[in-house]
Amino acid sequence: MLLLALDTATPAVTVALHDGRDVIASSSQVDARRHGELLLPAIDRVLAEAGLKLDAVTGVVAGIGPGPYTGLRVGLMTAETFGLALGVPVHGVCTLDGLAYAADLEGPFVVATDARRKEVYWARYADSRTRVTDPAVDRPADIAGQVAGLPAVGAGALLYPDTFPQAHEPEHVSAAALARLAAERLAAGADLPAPRPLYLRRPDAQVPKNYKVVTPK
């Protein structure tokens, strides 16, 4: 097994290789505006660090969000393209699940990432491997009662200490955690979801209403 894991659902552009036993190379850079520029060089970098070629990859793992439209689609389209080119399966893993796994907390807790517009993407967890609510997007004040008293991880939690007073790192997801979680689930015979994006809301760019159609004469 050689899994190539990547995630661009948060400001982190993160890539890792997992050989079936553990992560053998990884790279993470935080830059919310350069996902498209940074992802492919990061993949080249981890392959070079591991001393391997791309054709050694036997599966691709992609963070499926939730996340902003522009960043999220960079990783998912890259994963799908590699899967088609290499003829290998592409597996989806919820980005919030990767953060929860990296947090390695035993009791109930919350994962919240920054959704912008003064909102967070969030979900509750029973432990680091068990999500108990579907991912959602909300204003922090609107979910205060649902997360009261719970530890929280992620950039969204760190941004809103009034709602998440027990917030701490990890701030962003790491592909290393995604790879370990995916490898663990695959080894247990679990079916991972298809790499379909969790946008949870419509993209910022919209077709203007009542726009004038110009037709050639």
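Asp 104 is exposed, with a relative accessible area of 56%; exposed means over 50%, buried under 20%, and partly exposed in between (1.4 Å probe, protein chains only). This is a predicted model, in which local features need pLDDT of at least 70 and side-chain atom pairs count only at pLDDT 80 or more, while totals for chains, interfaces and linings use all residues. Residues are numbered from 1 along each chain as its sequence is written, and side-chain values use heavy atoms, with hydrogens and water left out.

**Backbone features**

- Asp 104 is not a glycine, yet it has a positive phi of about 55°. Its place is the loop between α3 (95-103) and β6 (109-116); helices (H or I, at least four residues) and strands (E, at least two) are DSSP runs, numbered from the N terminus.
- Lys 118, also not a glycine, has a positive phi of about 60°. Lys 118 lies in the loop between β6 and β7 (119-127) and is exposed, with a relative accessible area of 60%.
- Gly 65 and Pro 66 are joined by a cis peptide bond with omega of about 10°. Pro 66 sits in the loop between β4 (59-63) and α2 (69-86).
- Glu 169 and Pro 170 are likewise joined by a cis peptide bond, with omega of about 10°. The loop between β11 and α6 holds Pro 170.

**Domains and their interface**

- The protein chain is assigned domain 1 (3-94 + 172-188) and domain 2 (96-168); such bounds come from an automatic or database domain assignment. The centres of the two domains, taken over C-alpha atoms, are 23 Å apart.
- In domain 1, 16 residues are in contact with 13 residues of domain 2, contact being heavy atoms within 4.5 Å.
- About 1,300 Å² is buried between domain 1 and domain 2, 64% of it on carbon and sulfur atoms. Buried area is the accessible area (1.4 Å probe) that two parts lose on being put together, summed over both.
- Two salt bridges are found across the interface of domain 1 and domain 2; a salt bridge is a side-chain nitrogen of Lys or Arg within 4 Å of a carboxyl oxygen of Asp or Glu.
- The side chains of Arg 129 and Glu 184 form a salt bridge (2.5 Å, N to O).
- Helix α6 (residues 175-187) supplies six residues, the largest share of the side of domain 1 that touches domain 2.

**Ala 167**

- Ala 167 is in strand β11 (residues 167-168) and counts as partly exposed, at 23% relative accessibility.
- Not counting residues up to four places away in sequence, Ala 167 touches Ala 152, Ala 157 and Leu 158.
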